[in-house]
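Here is a short briefing for a first look. Keep the structure open while you read.

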Amino acid sequence: MPSLAGLFFWMNRKFENINKITINKPLKLDCGKTVKNFPLAYETYGKLNENKDNAILVFHALTGDQFVTGTNPVTNKDGWWVTAVGPGKAIDTDKYFVICANVIGGCMGSLGPKDTNPENNQPYGLDFPVITIKDMVKAQESLLEHLGIKKLLCATGGSMGGMQLLQFCATFPDKAFSAVPIACSSSHSAQNIALNELARQAIMADPVWDNGKYVSKNVQPKNGLAVARMVGHISYLSEKGMQEKFGRKLQEKADYEFSFNADFQVESYLRHQGYAFVERFDANSILYITRAMDYFDLSKQFKGGLVEAFKNQNTKFLVISFSSDWLYTTKENKDIVIALNASGADVSYSEIVTDKGHDSFLLNEPEFLKTLKGFIDSMYEKFKNEKRI
Amino acid sequence: MKKEFKVIADLLPNNSRVLDVGCGDGSLMNFLKEEKNIEVRGLELNQENVQKCINKGLPVIQGNAETELHQFPNQSFDYVVLSQTLQAFYEPEKVLKNLLRIGKAVIVSIPNFGYWKVRVKLLFFGEMPVTKTLPNTWYNTPNLHMCTIKDLFNFCDEKNINIKKVVGVSEDKTSLIKKSNLEIKNLFSKLGIFLIG
């Protein structure tokens with residue numbers, strides 16, 4: 001295994017080949033600070049057609065990045081939504097032009113806490129401004145401008161991607177012809193905040209973290225970050241799904257070891273996921289992005305609440321939830337549907353029955369993928385007709 | 001039943017806003033959209049049907065009309081349509097009141113248990129009737145509260161629900177039903193379509 005310093009060097013080298021734009025326009029953040037001349041990394045798949053009516057914007061989740069499908073050039077692993085996006089897939093890149101940007105606050109090329117602070121030429125660390133979902137979305141709107149796309153055929157995203165999407169629709173009501181928020185919420189619940197706090201405290205309890213100053217020492221608080229990831233992984237599965245996948249099965253052994261090694265498969269799984277994660281993600285980014293999620297409360301931004309947020313929407317929505325998702329429950333997703341309905345928006349809703357929990361949107365769930373495909377394809381026909389008229 | 005669609009479409013003005021409760025695979029929604037340029041929304045319980053509607057580009061919400069009508073605001077639709085499902089609810093009265101709250105008017109169609117073939121089956125054979133409009137047997141029927149056109153007529157009277165129009169559908173004929181011809185129409189109509197509210 002390469003040393004962490006070597007790893008960072010390797011990652012930085014790969015980063016040179018990432019598509020980026022520099023956003024010159026100053027972006028006033030919700031926290032009051034302003035950033036300007038900052039990088040936004042993105043990736044596109046498929047081709048934008050002549051009429052520019054086949055563009056689909058994908059918003060990624062907490063630990064995602066712009067590499068939606070194909071092979072992620074930094075990790076050499078499959079893109080995070082390879083099940084849904086690609087040639088012939090539900091979001092067919094032979095037909096549609098798919099765009100995804102790394103969120104600001106992230107660590108895959110967009111402005112984030114591991115970047116250099118121009119004020120002191122040191123890595124930002126905790127001097128990085130606290131960002132919100134709205135800040136992320138505003139930055140990505142600049143990318144659409146850069147790509148010359150006036151109106152998207154569709155915008156979609158699951159989990160935090162869905163929250164960005166709701167924010168995007170509320171802030172820019174005419175930018176998307178259709179929208180598919182998946183397994184998300186219009187505001188973070190107490191349980192969501194508690195789980196994020198657990199992840200943050202795990203990172204902060206790691207002495208290597210050192211108040212976020214680890215970056216200049218070329219190290220990473222990997223123990224804390226791994227635990228943070230483990231918390232996440234538990235919340236992405238369901239009780240039933242986990243029991244079916246692991247049960248009490250032992251990890252390559254016939255009996256208990258009477259030690260604290262990973263006896264159980266579920267322990268081994270969590271350790272593997274946790275420590276694989278530290279190789280591709282920055283601990284401070286987790287702090288900043290989880291904070292952005294916690295601060296997300298769309299109804300708080302509008303007097304009159306969520307119904308007001310979706311007023312004057314021409315966007316056609318399809319909200320999708322998963323029956324066993326306890327992180328962003330069917331009820332939370334339905335509340336979005338109710339608000340959209342009350343505001344008179346065009347909204348469809350489907351609850352996919354599955355044991356796979358919150359993770360379902362990333363997995364090969366045939367009913368989910370069929371519904372997604374059916375919606376996007378029918379929207380494309382409508383959008384083309386509307387443009388013609 | 002295409003005839004039923006035609007009657008419902010004739011009751012609806014062009015360009016109105018309609019909620020189809022229990023919209024199935026969206027056939028009626030599609031028909032209304034194409035015939036009368038009606039802005040339709042559907043509510044449907046069955047996953048497969050929901051998917052069919054979505055594939056057709058029809059807005060549909062997956063949910064149970066018995067428990068989830070509360071999500072639609074008061075008077076948010078010009079019309080609410082309930083096609084041949086009233087009898088399948090646990091509490092049809094509650095559902096009907098909800099529909100009247102959501103729509104400025106409501107169209108309800110029911111398979112008529114007073115239809116002569118149904119009566120004959122029960123009276124002379126002593127068996128629960130199985131017909132085209134009532135295709136299930138007693139043990140697998142979803143219908144919990146069968147009623148006749150006359151029953152629904154009386155129900156509306158009792159509950160002070162304004163009946164605007166009632167249309168009876170027999171083989172391929174439709175006819176207006178009034179208090180004066182109720183007895184005879186209740187015998188010869190397979191289906192009753194009520195415009196109320």
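In which sense do strand β1 (residues 20–23) of chain A and β4(A) pair, and over how many bridges? They pair in the antiparallel sense, over 4 bridges. Keep in mind that this is a predicted model.

**Strand β4 of chain A**

- β4 of chain A spans residues 38–45.
- This strand is mostly covered, with 6 of its 8 residues buried.
- One of its pairings is with β1(A), described above as antiparallel.
- Within chain A, A:F38 of β4(A) stands opposite A:I23.
- β4(A) also pairs with strand β8 (residues 97–101) of chain A.
- That pairing is antiparallel too, and it runs over 4 bridges.
- Here A:T44 has A:I99, in β8(A), as its bridge partner.

**The loop residue A:N49**

- Where does A:N49 lie? It sits in the loop between β4 (38–45) and β5 (55–59) of chain A.
- A:N49 counts as partly exposed because it has 13 C-beta neighbours inside 10 Å.
- A:N49 and A:N364 are 315 residues apart along the chain. Their C-alpha atoms are separated by 28 Å.

**Chain B as a whole**

- Chain B holds 8 helices and 8 strands.
- Its C-alpha atoms fill a box of roughly 50 × 35 × 30 Å, taken along the principal axes.
- Why does the radius of gyration of chain B agree with a compact globule? A compact globule of 197 residues would have a radius of gyration near 16 Å, and chain B has 16 Å, so the two agree.
- Of the 197 residues in chain B, 42% are buried.
- Take the contacts in chain B with a separation of 6 or more: 63% of them join residues 24 or more positions apart.

**Where chain B touches chain A**

- How many residues of chain B are in contact with chain A? There are 14, and they are in contact with 21 residues of chain A.
- On the chain B side, the elements that give two or more residues are α3 (47–55) and β3 (60–62).
- α3(B) supplies the largest share of that side, with 5 residues.
- By type, the chain B side divides into 7 nonpolar residues, 6 polar and 1 charged.

Definitions and conventions: Residues are numbered from 1 along each chain as its sequence is written. Chains are lettered from A and ligands numbered from 1 in the order in which they are written. This is a predicted model: local features need pLDDT of at least 70, side-chain atom pairs count only at pLDDT 80 or more; totals for chains, interfaces and linings use all residues. A residue is buried if 20 or more other C-beta atoms lie within 10 Å of its own, exposed if 12 or fewer, and partly exposed in between; C-beta atoms are placed from the backbone. The radius of gyration is taken over C-alpha atoms; the globule rule is 2.2 Å times the number of residues to the power 0.38. Two residues are in contact if their C-beta atoms, placed from the backbone, lie within 7 Å. Two strands pair if DSSP finds at least two bridges between them. Ala, Val, Leu, Ile, Met, Phe, Trp, Tyr, Cys and Pro count as nonpolar, Asp, Glu, Lys and Arg as charged, and the others, Gly among them, as polar.
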